[in-house]
Each structure stands twice: as structure tokens, then as C-alpha cells.
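User: I have this complex open and would like to go through it with you. Can we start with the domains and then move on to the contacts between chains?
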Amino acid sequence: MSTPAQEFLRSAAIKSADLEHRRTIRAGIDHYEAAVDRAGARFLDWEAARQRLHEIKWEAVNHLDRYLLEFEMRVKERGGHVYWAETAEDARQYIADLAAQRGVRTVVKSKSMVTEEIDLTHTLEKKGVTVFETDLGELIVQLRNEPPYHLMTPAMHLTRAEIAKLFGEKFGGVESDDPQHLVAVARRALRKAFFSAEMGVTGANFLVADTGMIALTTNEGNGRLGSSLPRIHVAVAGIEKVIPRMEDLALIWPTLARSAVGQSIACYNTLIGGPRTASEPDGPEEFHLVLLDNGRSELLADSEQRDVLHCIRCGACLNVCPVFRKVGGHSYGTVYGGPIGSVLMPHLGGLSKYQHLSFASSLCGACTKACPVKIDLHHHLLHNRRNAVQSTERPASERLAFRLWSWAMMGERRFALLGSAARVLLRGVQALGLARTPLDPMRPWTEVHAAPAIPKKSFRALWREQHGAS
Amino acid sequence: MEPAENSGRERILARIRSALRETAPKHAAATSSGPVFAPISDPLDRFQKECALNNTECVIASDLRASASAIAQVLASIPPGEIFLQDAPSLRRMAPLWQEGRSIRWSSEGGPAESSQATITCAETLVAQTGSVFVSASCGGRGASVVAPVHIVVATMDQLVVDLDGAFARLRDLGSPAKNSMLCLITGSSRTADIEKIIVMGAHGPRRLVVVLAWQPDESARS
Amino acid sequence: MEQRRKRIGAVENLKETCPETMHNGQPMQTIALFIPCFVDQLNPAVGIDMARVLRRIGYAVRFPEAQTCCGQPAFNSGYWHEARPVAERFVRVFRDADAIVCPSGSCTTMVRNFYPELLAGTPILAEAKSVAARVYECCEFLIKIAKVTDVGASFPHRVTYHDACHALRELHLKQEPRELLRHVRGLEVVEMPYCEECCGFGGTFATKFPMISSAMGETKSINVEASGAEYVTSTDSSCLMHIDGILRLRKSSARTIHVASILAQTALPSENASISTVAERTR
């Protein structure tokens, strides 16, 4: 049974060498960057937008109890239920019990990372409930029995030919691999589910405190159907999703759309407050909002990294990450991948288990620059590394190496001496033709690089020669 | 599912309060508090341009009577079958022009049927900045703007606001958040880019969104 | 002695050929050279070249021999406890320097952006911030402090610039190296696709995750080749060492060279390195 770290290394090695995968991802990312540029033209001052968004989330998260209580009160005023779930188990149990009590046989579900986090689908299926993923990308990976590849585009690693074959097997009636046709096939297949399901499950992009409404963003309309047709609507959201005012959405919606997919704004930005009112012609009779903690309150207590809770789940950090472009979305092996996942998973799932993700980065900082809410992502990777060294079992050889390093760096004579010795050794290894063998101390390097020329004299030696001692 | 069974609530709140005893740093504002979006000098022009970009058909009519005729023309291009209408006085007045060979289901009878060919509703407001329509559950219910392949919106020019800030202000003025269990900002027809990141129009929601915008409600309103 | 005389003469000659050497009405500072540990041990020519350029434009330079390392390797690996004394030592070594110039964006970043955090709560913090305010990456110093764009360099080749991550995103340097390159005689700057994408070195990342690191380097190398450049240059020789190792593995004709080494090249035969030492610099 391999550890998550070992699994990551294995998958990363395979994917990094996969040139077809590289091409597919590059094409997708090029598309995205062009769209982001176009959407950027609408902003007079993108940096001001980021700063204001940061301030909105800062206010919400740093007064979380106040805003959550306001939100809960207003949801209840509208006739909705609010359930506070401490753990993933807590949350899925509540929903499973609700489904059982209400005789739910079919659930339509729209894309929601938090429902992945609590593993809701498997729980419901084990109780004999049929669950339809209605987001096209999620549907595709569900049919393939795969986890989603990417926060925003779960199936971006697949070609249309592969999807056509899949739909042909599962739905029938597939005549070509034209994306237009494939979407129509999916629509036909899912419509029956939408109209017969007893329960619709969605996430929530934001919880609007002052109106007691959830904000739900989709392009396909599946979230709309899922929250309109079935008689029960269940929405699941992390406790950090709250925002103070409905008016905040005037800035959030365009900014989120740009960062996520390079749109000016998403097709459907919906606000839902509780079940249908007495005078409305349709809509669910029941509304349940499940608030999930699952480690978020602990992250809240870490004031250095509290801003990780500002994340609006746009996926921009994944899109710009050079490591993501090589290892792909599945290598992370976690619900949240990419830079945000690498920062977040140690908090949600434990430092011992997930610290390797914080080390698997060159700290280039592209994520921090792209983040629309200005989370200090790559600096938090450093913080996680420091925390890992301070509180978990790092390899003994590594601890020893850095203690030695520290000693060596505390004196220029010993540094110069050790440096000389190292260069003599490396030159010797090269001269004896031992590069890339087990006797090569630079083997991890020389295996994938042409051997570097090792200079005979250091800078300080040359300087001394030219200028005398200083 | 009663509150008494939700013991986690107090524990979560306690953890939150304890966590917040320590303040977290905020980024110092590096930029001015000026406008984030470019100012819009001609809202109607902007609205029309945005509609063209997001695949919304925008029809301008002189008054609601002309709107009704325009909608009759749109309906002529749609396959025969039931259409669903928001039960509003203005639509009741216009409906006779649309009844040719079609059955009409009104929102007072419930939600739209699965086989509806089109829905026709009013709106809360229109937004120039993004070429969007803001509907609510009062506009024929939740399904009205998403079930059928074609959604037609009947609006008047005074409903057009410049930007999203203006839209939310208008909703507050109308009391919309309090009166409705659903509000939705619709921008264009439903779409997906989940296959090779190629945009395909018409996913689960409507394939066509038509906004029919009348300069004024009726001829006699000209001052 | 003969060598020294020749060198001084050459410097004087150069001053005549570079009429734009700056005089901003202030007394020349003495620059303290901050030579990163790996430049000291593995790329010494880069340090020599940077010193040469600074002298050419009229600065006196000194090398505080007591320096060793800024502490970044340990800091980046999470070993802050081990990095701290090394950082404190750096502050003490450079406490009296007027201006500290470094041929590395990542090391400059360590001192400027990370010392305040690493040394928070220590007695040396105020002094560390003071040192941090006086440390500059080489191109940054030339453009922003010395206010020179033409250092009298000559390098008639097609060159592409790799935006090293720390220099770009932590020090916000984008135009500065390019501006200096544009003023090098005979040099044609060509941009490569995805010039801002990380090369994949990342310090210990390269040894912990070599397959990802080398894949990223491979992409960078392919982009260098696509630019049609004869040389790829950057502010950081760690990036260049990584790119170089992969370019040569691919049997690419493109070579790497540090910006300081380009700027050190002149048209004067006595100052110019012979082909063999150019090869040493460029590997």
C-alpha cells in the first residue's frame, strides 16, 4: 500500500514524460490565456479588483461567526434548514439520512468540489440512490470512473474521439465526435433524470449573509435545473464561503469568470434563498444548506495562512502552474490539486500525509500573481515546508545534511575548503567516467543533464589572485 | 433534521470564535479606489454589443404592441408545440398574437412542461455592462428561464441599467431579494467548454435567448 | 604587475569609448559584491564579469571575503532554524556596505523579501531590514541606481532572455535586463515563446523531483530553440546551469550565458576574452 507521496512521484514521473498529454494541456491552456487576455480588456484596473476582492473576503473570513450567523438566520426566515457539519462523515450522513427519510431514489448533482471532498456520491450510491452528475465534464469522468482532472474543466485531458466512444457505450445514439452533437446527446440523456429526480444537490460559490441566499454560478444550466425541478434542494458549502453583501457580487462575478475560464461573466449567476415561496409556480419545497467545517476552523486559527480560506475556487492557479502543466490534474491524487491543493491539503488532510505536495514546486510564484483574491500561495508553500520540518519526521539524512550545511556556512574558510573539496571530487568523478553511476554524488542531476564543467578555481580564489586579500 | 440534533453547530462556532482572537494580516492597498471597470457612455449601445458577443438575440421595438409582433415572428421560427408564459398583465395583453396553432400554459398553473418549445417572461432588470437579463422567480417561476430550448424576455427601456452595481440597486428598490426565492443573472445562452475547451452553445439551459426591448410600454406613453 | 597595468589601461580606454558613463553628481559609492555560494564555487566567471562591468562604469568594488551564503537553500527546504544563523551572519558581513550588488535574482530576493520574515523576532531584524534596502540584483542596480543603459558592451549575437522567476515576480524586473541587452552593440534580442514560464530548476526541487524539473527544462529548451537565438541569457546562473545541461543533452546549438557576462564583453581585444574563455563562460 503506497503512500500519497509515493503515488504522486509515480504518477508525476509518468505524466511528465507523456508528450501527448503535454500537447493536450498546452492547447487548453493557450486557449484559456487568450480568453483571459480578452476578458482583461474590460477591467480598467485589474489590480484594484484583486485588492477589493481580497478585502471583501478578508472581512468575511475574519468575522466568520458574525456573517455565518446572519446568513443562517436569514435562510431560516425563508423557510430553509441549515445543518452545521463538523466532518465529512457528518455531512454525508445528514444528506443520506435526509434522502432515506424523504424516499429519494434519484439525485441530480451539479459540479461541487465540496461534495467530492465529503465523498457524497459513493455514500448515496451505497444506499441504493442513483446519482447523476449533470455537469458535462463531471459526467464524463463519472462514466469513466475517474476523479476530475481539473478544478474547472474536469475532462480537459480527453479528446472528442474518446468522449464520443464513451457516450456511444453508455448512452447510444452517437453519430459523430462533433462536440455540438455530443453535448446534445448528453442533454437528452440527462433531461429524463432532471425531471424525475426527487433531490437536487449543488454546491454554492458564495453564501450571501445579508440576504440569506446562496450564489451559484454555472454555464450549462444544470445547476439551475437541479435547483428548480426536484422537490428537495440540498446545497453544500464550506464555512468559508460566506460574503457580507449581495452587492459584493457585482465585483466578484466578473472577476471570478475571468480568472476561471476567461469569460466576461458566466452564463447563469443564480441567487437562491430557501424553498419556493407560496406565490411561486414551481421550485423545491424543501431547502437544506449543509455547512462544512472539516478542518477549516483549524486553518482559520492559523493566522499566517488564514487567507487560504479566501479562495473562490476559480482554478486560475492550476492554469498558470508550470508543474500542473507537466504532472496533470490526476497526479495530485487529492480533491483539490494544483497550487491551492498543495497549500490546502496539509491543513484538511494532515501535514504528514500531504506535505510532499508543498515540496513539489519550484516556487515560481505564477500562482500568487494569478490569484484574483491575492492569496500568498507560493509563500504558503514555504510555510508548509517550514511546518513540515518543525513538526513531522523529515528524513534523517536531510536533517543531517542541513545541519552540516549550516555549520559549513558559518565560516568562510571552512566554506571555501569544503567547496574546493567538493569540486575536486566532482572533477574526479567526471574524469574517472563515473558520472551517472551510483558513485556519482550528483546523480539525480547528471541523469537528466549533460555534466556541467566544474571550474578549477572559485571566485574568491580568483579575486584573491587579482586583488590580494581584502 | 431539527436544530436539537445539530450539536456540531456550537462546537464549530466555538472553534471559529477562538480562532479569530488572533488577527490575520491584510494586504495594504497598493492601488487607488477608482473605478475598476471602464465607464459606459451609451448603455443601449453597450447592451447590444454585449448581446452580440454572448449570443443573445436583441430586438428593439417601439412599444409593447410592436414587441408582441416581433415575438410572433420568433415563434414562427420555432417548432409547433406548447409555450409557457409568465402570468403577467402585459403578457396577458400580448398573448392573443401568439396563440396561432399553439397551446399556452400560464405560470399560474405551475411550472413549464418538459416538452415546452419556448418560454416568455418579463425581467427584473437588464444590464448593459454584460448584456445580461436579471430574472426572478416572480418572472414565471424558476423553470421558466431554463427548461425550454428558447427563452424570450419582454422588457422596456426603463428597465435597462448601466452596470451590475446599478442592477443590484434596482433589485433592492424593487424589493426583489425579499420577495423571491430565486434571482438569476442570465448572460447569453447556455454553453459548455468541457470538450477540448471548445465552446458549444445550448447545454442544459436554453439554446436561444431572445430579448425584446421596447422603447416604451405603449404608444400613448409618448410625452 | 604588467597584467595589472594593462588592465588599468584597458579600463581607462573603455571610459573613453563609453561616453555615457554616468555622473549623477554624487560621489561614487563602493559596491560590495554579493557573490552567491554557487556562483563562487561553480560559476566564478559571472562574478568576475559583474565586477568588471561595475568598474567600467566608474564604481569601486570590494569583495567582503567573510561572506558565504544568504541561507536560501535551507530556507526553501523548510529548515528555517538552520538558515537563521547563516542569514544573521550575512547581515553582519554586509552591515557597513553602501550598496550590495548580486548577480542573482533569487539571492537578492532572499535578502530583500525574506530576511524580514526569517529574522522576525530576532535582535538583528532592524539591521537586516537596513541591509535588505541596500541589496540589488545586477541589472536592477545598473538601470535603477547607476541609471545606465549602455555599459559599453559588444556582443554581436542573437540572444533570447529567460525571465527567471524571482527576478520577475519577486523583484519585478522585466524590462531592465532587456533594456541593457538592447544597448549592447551588435546584439539582437529575440523573444522566445513562454519566456516567463519557469525553467524548472527551483533549487532542491530539481533533486527531489527530477522528472518534473527536467520536463520543465525540456519545454524551456524547446522554446529557446524555437526563438532561433544563439544564446539564452538570464539574471540567474542557477536557471542557466539547468537549461544548459538540457540544451547540451539535446545537442542544441544554443548556449547559455549570464547577463553580466554579456555586459562584460567589449569590442576591445585587450579586454575581450579569447574564444576559450568565452567557452568557459558559456559552457
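User: Which domains does the assignment give for chain A?

Analyst: This is a predicted model, and for chain A the domain assignment gives domain 1, covering 42-294, and domain 2, covering 397-467.

User: And what separates their centres?

Analyst: Taken over C-alpha atoms, the centres of domain 1 of chain A and domain 2 of chain A are 55 Å apart.

User: What scores does the model get overall?

Analyst: The model has an ipTM of 0.95 and a pTM of 0.92.

User: OK, on to chains A and B. How many residues does each give to the contact?

Analyst: Chain A contributes 82 residues and chain B contributes 65 residues. On the side of chain A that touches chain B, the residues divide by class into 37 nonpolar, 25 polar and 20 charged.

User: Which strands pair across the two chains there?

Analyst: Strand S9 of chain A, residues 268-272, is joined by five bridges to strand S9 of chain B, residues 182-186, and the two run antiparallel. Within that pairing, Asn269(A) stands opposite Leu185(B), while Ile272(A) stands opposite Met182(B).

User: What does S9(A) pair with inside its own chain?

Analyst: Strand S6 of chain A, residues 213-218, is joined to S9(A) by five bridges, and this pair is antiparallel.

User: Is S9(A) buried or exposed?

Analyst: Five of the five residues of S9(A) are buried, so the strand is largely enclosed by the rest of the structure.

User: Which way do its residues point?

Analyst: Tyr268(A), Thr270(A) and Ile272(A) point one way from S9(A), whereas Asn269(A) and Leu271(A) point the other way, and all of them are buried. In a regular strand, side chains alternate between the two faces of the sheet.

User: Switching to chain B as a whole, what is it built from, and what are its dimensions?

Analyst: Chain B has six helices and twelve strands, and its C-alpha trace spans about 70 × 50 × 45 Å along the principal axes. Its radius of gyration is 21 Å, whereas a compact globule of 223 residues would have one near 17 Å. Buried residues make up 47% of the 223 residues in chain B, and among its contacts between residues at least 6 apart in sequence, 73% join residues at least 24 apart.

User: And chain C, what are the numbers there?

Analyst: Chain C comes to 15 helices and eight strands, with 57% of its 283 residues buried. Of the contacts in chain C with a separation of 6 or more, 79% are between residues 24 or more positions apart.

User: How many residues make up its contact with chain A, and which element of chain C gives the largest share?

Analyst: The contact takes 51 residues from chain C and 48 residues from chain A. Several helices of chain C give two or more residues to its side, including H3 (44-56), H5 (80-94), H12 (210-227) and H13 (237-249). The largest share, six residues, comes from H12(C). By class, this side of chain C has 28 nonpolar, twelve polar and eleven charged residues.

User: Where in chain C does pLDDT stay under 50?

Analyst: The mean pLDDT of chain C is 89, and 85% of its residues reach 70 or more. Over residues 1-25 of chain C, however, pLDDT stays under 50, and the model has 26 contacts beyond four places in sequence for them. Residues 274-279 of chain C also stay under 50, with one such contact. Where pLDDT is low, the predicted coordinates should not be read in detail.

Notes:
Residues are numbered from 1 along each chain as its sequence is written. Chains are lettered from A and ligands numbered from 1 in the order in which they are written. This is a predicted model: local features need pLDDT of at least 70, side-chain atom pairs count only at pLDDT 80 or more; totals for chains, interfaces and linings use all residues. Two residues are in contact if their C-beta atoms, placed from the backbone, lie within 7 Å. Ala, Val, Leu, Ile, Met, Phe, Trp, Tyr, Cys and Pro count as nonpolar, Asp, Glu, Lys and Arg as charged, and the others, Gly among them, as polar. Two strands pair if DSSP finds at least two bridges between them. Helices (H or I, at least four residues) and strands (E, at least two) are DSSP runs, numbered from the N terminus. A residue is buried if 20 or more other C-beta atoms lie within 10 Å of its own, exposed if 12 or fewer, and partly exposed in between; C-beta atoms are placed from the backbone. Domain bounds come from an automatic or database domain assignment. pLDDT is the predictor's confidence in each residue, from 0 to 100. The radius of gyration is taken over C-alpha atoms; the globule rule is 2.2 Å times the number of residues to the power 0.38.
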